[in-house]
Amino acid sequence: MRKNLLFLFVLVSLSAFAQKRVLSYSPSNLPVFLDQTGDTFSKALLGGLNQPQFQALDINNDGRKDLLVHDRTGGIILPFINVGNNDITTYKYSPKYTAAFPKLKNTWVLFVDYDNDGKEDLWASIDFKVVLQRNITKTGDKMVKFQQVSPFLRAFKYSGIPGLDSVNISSSFNNIPTIADVDGDGDIDFFSYQAGEGNLLLYRNMTVDFSLPIHPPVFDLADLCWGDFRDTTFDAVWLKGCVYKTYRKKHSGGSTLLWFDNDNDGDLDLLMGNADNKNLIFLKNGKKDLGMTLDSIIAFDGYWPAGTTPVQLGSFPAAFMLDADGDGVKDILVAPNQVERTSKIEQTKQVLFYKNKGSNSFPDFKFEKKNYFTDEFLDHGGYTAPVLQDIDNDQDLDLLITTNGDHAKTGDKTYKVVLYRNIGSKTKPVFKLENEDVWGLGNDSLSFLSITFGDINGDGKTDMIAGDGYGGLSYYKNIGTSTTWAFTTPTKNYNTIYVGQKATPQLIDLDKDGKLDLVIGETDGNFNYYKNTGSTTNPQFNLVDDTLGNFIVNEFLFNLSEPDYWYIGNAAGEVADLDGDGKYDMVFGGDEGKVRVMKFDTYNQLNYQEDTTVLFDSAFMSYKSMDYGNNTHPTVGDLDGDGIKDIIVGNDRGGISFLKGKVEILGVKELYKRNEPIVYPNPTNGSIVNINKKTKDEFIFNLYDLSGKLVQSETSVAGEVVHKMEVNTLSDGIYILQSSSKNNANYYTRLSVLKGK
C-alpha cells in the first residue's frame, strides 16, 4: 500500500487544468502619500490604528526584540521587524509574520515568558477564555512558533467542595491584565481586574511552592483583594478597604493594569487605567517599605506621572512598557483601550510617549511626545470609505476618503470627505493630502458616509450621490467646472430610496444600456440593484433585485451580555471590469473585514461565483480572502496605467491598504498550486484541522498514515468553503491528506499531529 501511495504522489492528477490567463492581487507600496506639508507617510498603507497594544518579542528568531502591534478594532496584527536600529519607529513592517499569531478580535494580548527559557509566551483572551500558548521556537526557525498549553487556564480555589475546587482564570476581554512574578519566587503570576468589582484578583503560580516543573503553570486564586485597596472612580482609591476580603460593586467598565517595580525595592507597584476615565493611577506597594507579609498599597497618585505632563486621554488609557527609542531602558507608551462609544474614543494622534530618563531599576518617566509612532500612519479616524475619481480633469485618479474624522472630535455625527490629490501621474501616482473636509460635507450631519460619482442629469458634469447610516441617499448636483468641482446643497431622500442601514451606493451602468443604474450595499449584507428606467437626463431608479448575485456578506456575532446571536454585514463594494476582458466583476467587503471578488458573466445571472484565487495573502503565502479587520470598503482604479484595475481598501481603523492587480499566464503546475486547498493549523495539536478548499464545491478528504493505511475519510458539506476535520483520535505523527474535488483534481498535503504534553 505504501508503494501505491508513493505512486499517487508521482502521478498527481493535473488533467483538470490547462494554461490560463489569470488575475491576481497582492499588497504593494506603489502609491506615495504625502501630508499637507509634503512629508511622506512612511506607514501610509497599514490601515490606521485605533486602540494599539505594543509588545516586544523576537518575531523572526534572530535574537533581537521586534515589535508586535495589536489593534483591538478588528483584531489586526501588525508585525514590525528590528532591522538593526532599536528605535521602534524605524522597524520594518513585515506582514508575512502575521501567520505566526492566532486570530484576535476586540481583546487583549500580552507576551510574557513563563517557563524561563528566554522566549516570550502568548497570553490572550480568546472566545471569552484566558489562553496560554507556549513559545516553542527552535534554532533555525524563520519565525516565532506557539503551541497551546490549554484551551483555557484554570486556578485552584481550595473550596473543599468536590468538583468546585477550581475556577477559570478570569480577565474580561475588554480589560488588560498584568502578568509578572509578583511574589519573587521565580514563577509567573496573573493579576486581573473584574468589571463591576472594585478589588483585584491575584492568581498565584504555585509551581515553585509545590516543587513542580515550571511547565505547565499551576495557579491558585490566592487573593480576592490584592494590595488591600479598592478602586473607585477617576483618581480615587480606598486604601485598607479589604477587611473582610469581600467583593464590592464599583465602576462597571474595567481596568488596564501594568506591574513594575518603580523604586527597586523588590515589590511590584501598579499602573491602572479605568474605563470612562482619562488618567492613569499609580499605586505604591508598601510591602518592603513597611516590612509587611503581604502586598499592600499604601499610597496612590491619580495624576501620573508627577513632575511632567500627566496622562490625559479621551477614555480608558492603557500603558505598555518597552524600550521604544533604543537607548536600553524601558519606556512607557500609553494608548486608548476604549472600544464602546460610551465615552470619547481618540482614534488619531492617540499614542503618548513617556521616555524613561532614569534607569530600568529607578525609572523616571517624562512626557516626550504625543502621536508617537502613529504620526507616520495615514489615519483619519475610525471609518474610511475610499473612492478613486479624477476630480480635476488631468487624466489621473485622485483619492477621496469619507471618514468619521475621529470619534473624539466628531462623535460620529459629522462625517467628512478627505481629498488626496494626485500630484504625480497616471502611471506613478503621488497622493498629497489637500483638504480634510472638501466640499464641506461635514456640515451636512451625515453618518457612515459613502459616496459615488456620475453624470446624473446629463449636463456633462459629474454629480455625487451620498449614502448614509440611515440607509437613504442624498443627491449633490455639480455646479462647478470640469477642473474645479462644486456642489449644491444636497437633495435628501433622493428618489425615496431606503435600503436599510448604512447605504453604500455605486453609480454604474450595470445592464450596459447607456444609463447609470444604482448598486447599493447595506447593513444586512446584501446588495440592492436599482435599474434606471428613466433617461440619461431624468433618471428613475426602480428596485429590481434586493440580493444581487444571490450572496450575503455577513459575520456571525455573539453578544455575551444579552445573550443574543445575530449577523451583521455592512456590505460595501464596486462593480468593475478588473482585467479588461469585457466582463464585470464585483470587489466587495463588509463587517467581517475581508476583501472578496465575485465573478459573473451577466449581471442578472442567478448566482455570482466567488473567485478565491484572485487575492494573494503574503502572510500565509497563499491565495485566500484577505482580512483587514472590520468594515472593509474597497474601491478600484488603474493606478499604474497597465490596464488592470488596482484596489484601495478602507476599514474601521481609519486608514487604507493597497492591492496591486496584475494578469499572468499560468501553466499547469502553477494553476495546480494556486488551487491547492490550505490546511491549518499544521502542525495541529490533535483537535481540529481546517481545510480551506477555496471553493464551495464538494470535496472528499482521505487521511492516510505513512504505512498507506486509510485512517479517516470525510466528505465536505455542500456550499461550505472551509471544512473542519476532527483529528482528536489520531496519535502523534505524520499523515498524508488527500483532497479530491468533483473535477477529478487530487491534492496531497503532509499533516503533522503534535499534541504535546
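Analyst: A residue is termed buried when its relative accessible area is under 20%, exposed when it is over 50%, and partly exposed in between, with a 1.4 Å probe and protein chains only. By this criterion, 56% of the 757 residues in the protein chain are buried. The model is predicted: local features need pLDDT of at least 70, side-chain atom pairs count only at pLDDT 80 or more, and totals for chains, interfaces and linings use all residues. Residues are numbered from 1 along each chain as its sequence is written, and side-chain values use heavy atoms, with hydrogens and water left out.

A nonpolar core is a set of buried Ala, Val, Leu, Ile, Met, Phe, Trp, Tyr and Cys residues joined through side-chain atoms within 4.5 Å. In soluble globular proteins, nonpolar side chains tend to be buried together. The largest core here has 39 residues, and Phe 54, Trp 123 and Phe 373 touch the most other members. Among the elements that give it two or more residues are strands S4 (66-71), S7 (109-112), S9 (129-135), S16 (219-223) and S23 (317-322). Helices (H or I, at least four residues) and strands (E, at least two) are DSSP runs, numbered from the N terminus; the protein chain has three helices and 57 strands.

Contact means heavy atoms within 4.5 Å. Leaving aside neighbours within four places in sequence, Trp 123 is in contact with residues including Trp 108, Val 109, Leu 110, Val 112, Val 131, Leu 132, Ile 188, Phe 190 and Phe 219. Across the protein chain, residues 24 or more positions apart account for 51% of the contacts with a separation of 6 or more.

On a 1 Å grid over the protein atoms alone, a pocket is an open set of points where a 1.4 Å probe fits, with protein on both sides within 12 Å along at least five of seven lines; lining residues have an atom within 4 Å of a point. This pocket is lined by 39 residues, of which Ala 56, Phe 111, Met 321, Leu 322 and Lys 330 lie nearest its centre. Its space is about 960 Å³, a volume being the space filled by probe spheres set on grid points that are joined across faces, edges and corners.
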